[in-house]
Amino acid sequence: MPDRDPNGPITVVNRFEVKGDTATFERELRRHHTFLRQRPGFDFLVTVRLVDLPRVYVHFGHWSRLSGFLDTAHDDAFVAQVQRLGPLVDTEADQALSVDRTLRANAAVGDPAVVLLSCRVRDHSAFEKAYVALGEISARLGGFGGSDLLRSVVRPLSYTGVQWWRDAAHCDRALASDAYRAALADLTAHAAVTTARGHHLAYERAVD
């Protein structure tokens with residue numbers, strides 16, 4: 001990973017596949033959330049559970065300062081929590097920077113109102129413009145909550161897009177519309193894109 005400004009932002013992306021009881025995992029993850037929200041440099045978190053793969057969770061930990069994340073990762077309490085979570089899951093991790101973020105409204109907790117886009121790009125500039133256009137189309141369709149586009153700092157050709165709607169009904173209508181489908185097709189002209197629908201489980205900000 002290239003050198004980074006310790007005072008700059010970072011997003012830690014974790015994909016968890018739960019091996020056992022999902023309720024036990026979610027309980028441990030909530031405990032982890034509480035810890036993270038009190039750490040210096042932490043900004044906010046988002047957790048999504050995939051609809052078609054209900055044992056798979058994607059967790060986004062947004063930090064306003066890379067140094068805050070690094071300090072936390074070496075804290076004994078953090079290590080202990082990772083050790084509790086570790087046996088429960090198979091995990092993949094990434095670190096990314098937000099290159100386009102739009103915040104309009106929150107998604108209803110529990111609703112399958114989130115779409116995750118995993119993208120392997122061919123042309124950064126054209127892809128990012130097409131992603132912005134997808135968001136603009138989504139906003140015009142109604143009930144759009146917002147979007148975040150994260151570019152990996154580990155795999156620079158890889159992006160993760162997160163879109164959300166206020167509720168599942170608005171999400172359903174948008175995804176079924178000709179306008180959304182056309183904008184998504186335009187996006188795939190610049191990247192290999194896979195999409196996954198998710199339940200919105202958590203959006204929590206740092207504790208002041």
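Modeller: Let us begin with Gly-135, which touches Phe-144 and Gln-163 when residues up to four places away in sequence are not counted; contact here means heavy atoms within 4.5 Å. This is a predicted model, in which local features need pLDDT of at least 70 and side-chain atom pairs count only at pLDDT 80 or more, while totals for chains, interfaces and linings use all residues. Residues are numbered from 1 along each chain as its sequence is written, and side-chain values use heavy atoms, without hydrogens and water.

Colleague: Where does Gly-135 lie, and why does Gly-135 count as buried?

Modeller: Gly-135 belongs to helix H4; helices (H or I, at least four residues) and strands (E, at least two) are DSSP runs numbered from the N terminus. Its relative accessibility is 12%, and buried means under 20% relative accessible area, exposed over 50% and partly exposed in between, with a 1.4 Å probe and protein chains only. Gly-135 therefore counts as buried. Between the C-alpha atoms of Gly-135 and Ser-147 there are 6.8 Å in space, with 12 residues separating them in sequence.

Colleague: What makes Pro-6 partly exposed, and which residues does Pro-6 contact?

Modeller: Pro-6 has 43% relative accessibility, so Pro-6 counts as partly exposed. Pro-6 is located in the segment before S1. Once neighbours within four places in sequence are left aside, its contacts are Arg-65, Leu-66 and Ser-67. Pro-6 and Gly-68 are 62 residues apart along the chain, with 8.2 Å between their C-alpha atoms.

Colleague: Which residues of helix H2 are buried, and what covers them?

Modeller: In H2 (residues 66-73), the buried residues are Leu-66, Ser-67, Gly-68, Phe-69 and Thr-72. Their cover includes S1, H1, S3, helix H3 (76-85) and S4.

Colleague: What is the relative direction of H4 and H6, and why?

Modeller: The axes of H4 (residues 124-140) and H6 (residues 178-188) cross at roughly 170 degrees and come within 9 Å. Axes are lines fitted to C-alpha atoms, for helices over the stretch in contact, and angles run from 0 to 180 degrees between N-to-C directions. Angles over 145 degrees count as roughly antiparallel, under 35 as roughly parallel, 65 to 115 as roughly perpendicular and the rest as oblique. H4 and H6 are therefore roughly antiparallel. On the H4 side, Phe-127, Ala-130, Tyr-131, Leu-134, Ile-137 and Ser-138 meet Ala-179, Tyr-180, Ala-183, Leu-184, Asp-186 and Leu-187 of H6. By class, this contact of H4 with H6 has 10 nonpolar, 1 polar and 1 charged residues; Ala, Val, Leu, Ile, Met, Phe, Trp, Tyr, Cys and Pro count as nonpolar, Asp, Glu, Lys and Arg as charged, and the others, Gly among them, as polar.

Colleague: Which residues touch the most other members of the largest nonpolar core?

Modeller: A nonpolar core is a set of buried Ala, Val, Leu, Ile, Met, Phe, Trp, Tyr and Cys residues joined through side-chain atoms within 4.5 Å. The largest has 20 residues, of which Leu-117, Cys-119, Phe-127, Trp-165 and Leu-187 touch the most other members. H4 gives the largest share of this core, 5 residues. Apart from neighbours within four places in sequence, Leu-187 contacts Leu-117, Phe-127, Ala-130, Tyr-131, Leu-134 and Val-193. There is a second, separate core of 16 residues, including Val-13, Phe-44, Val-48 and Leu-50.

Colleague: How do you know that S2 is largely enclosed, and how many bridges join S2 to S3?

Modeller: Strand S2 (residues 42-50) has 7 of its 9 residues buried, so S2 is largely enclosed by the rest of the structure. S2 pairs with S3 (residues 56-63) in the antiparallel sense over 7 bridges; two strands pair if DSSP finds at least two bridges between them. Thr-47 has His-59 as its bridge partner in S3, and 5 residues lie between S2 and S3 in their hairpin. S2 also runs antiparallel to S8, joined by 7 bridges, with Leu-50 opposite Gly-198 in S8.

Colleague: What is the order of the strands in the closed barrel?

Modeller: The barrel has 8 strands in the order S1-S3-S2-S8-S5-S7-S6-S4, paired antiparallel. From one strand to the next, the twist averages 35 degrees. Helix H1 (residues 22-37) packs on the sheet, where it touches S1, S2, S3, strand S4 (89-103) and S8, and its direction makes about 165 degrees with that of S2.
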